[in-house]
Amino acid sequence: MAPAFLSDELAVTVSAERLWKVFMDASAMPKVCAGFVDDIVVEGNGGPGTIYTMKLNPAAGVGSTYKTRVAVCDAASHVLKSDVLEAESKVGKLKSHSTETKLEATGDGSCVAKLKVEYELEDGSSLSPEKEKDIVDGYYGMLKMIEDYLVAHPAEYA
């Protein structure tokens, strides 16, 4: 079976530029996502080919490691696309999984985060709408943590 696609959008109350700065500062993740990301290891310079390994807090209940490789990193258009190399998933055994996040300004100090996910299950089936929602909610949960941190710390990443 061919890969499946899902997409969604989320309004964010901080600028695309501030969010992008956090995306590009991997060392910030344990701070801005405290209680979720315990540590991050970076192999590369942040551009295509860079591998990020996030050590997740066991209390978060989403597994222990999330490892990705950057496929596209376009600072001008605020697009980050990554291939997921390793992740524990509550939705089923994934054969392949990639994500693309695009940040688009919607006003002074706000933006919309557009998420695209491409996945293929090992057994060739499709995910139920509920499980697809679980994937989107997982990404947006982390994005919401970053947003909340930036709102609480308006001088950081300004």
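## The sheet

Two strands are said to pair if DSSP finds at least two bridges between them, and the strands themselves (E, at least two residues), like the helices (H or I, at least four), are DSSP runs numbered from the N terminus. In this predicted model, local features need pLDDT of at least 70 and side-chain atom pairs count only at pLDDT 80 or more, while totals for chains, interfaces and linings use all residues. Residues are numbered from 1 along each chain as its sequence is written, and side-chain values use heavy atoms, with hydrogens and water left out.

Seven strands with antiparallel pairing form an open sheet, in the order E1-E7-E6-E5-E4-E3-E2. At its edges lie strand E1 (4-12) and strand E2 (37-43), each of which pairs on one side only. From one strand to the next the twist averages 25°, where axes are lines fitted to C-alpha atoms, for helices over the stretch in contact, and angles run from 0 to 180 degrees between N-to-C directions.

## Helices on the sheet

Helix H1 (residues 16-24) packs on the sheet, touching E1, E4, strand E5 (79-87), E6 and strand E7 (110-121), with contact meaning heavy atoms within 4.5 Å. The direction of H1 makes about 145° with that of E6. Helix H3 (residues 129-152) also packs on the sheet, where H3 touches E1, E2, E3, E4, E5, E6 and E7, and its direction makes about 30° with that of E1.

## Threonine 101

Threonine 101 belongs to strand E6 (residues 94-107). This threonine counts as buried because its relative accessibility is 18%, and buried means under 20% relative accessible area, exposed over 50%, and partly exposed in between (1.4 Å probe, protein chains only). Not counting residues up to four places away in sequence, threonine 101 touches Phe23, His78, Val79, Leu80, Lys114 and Leu115.
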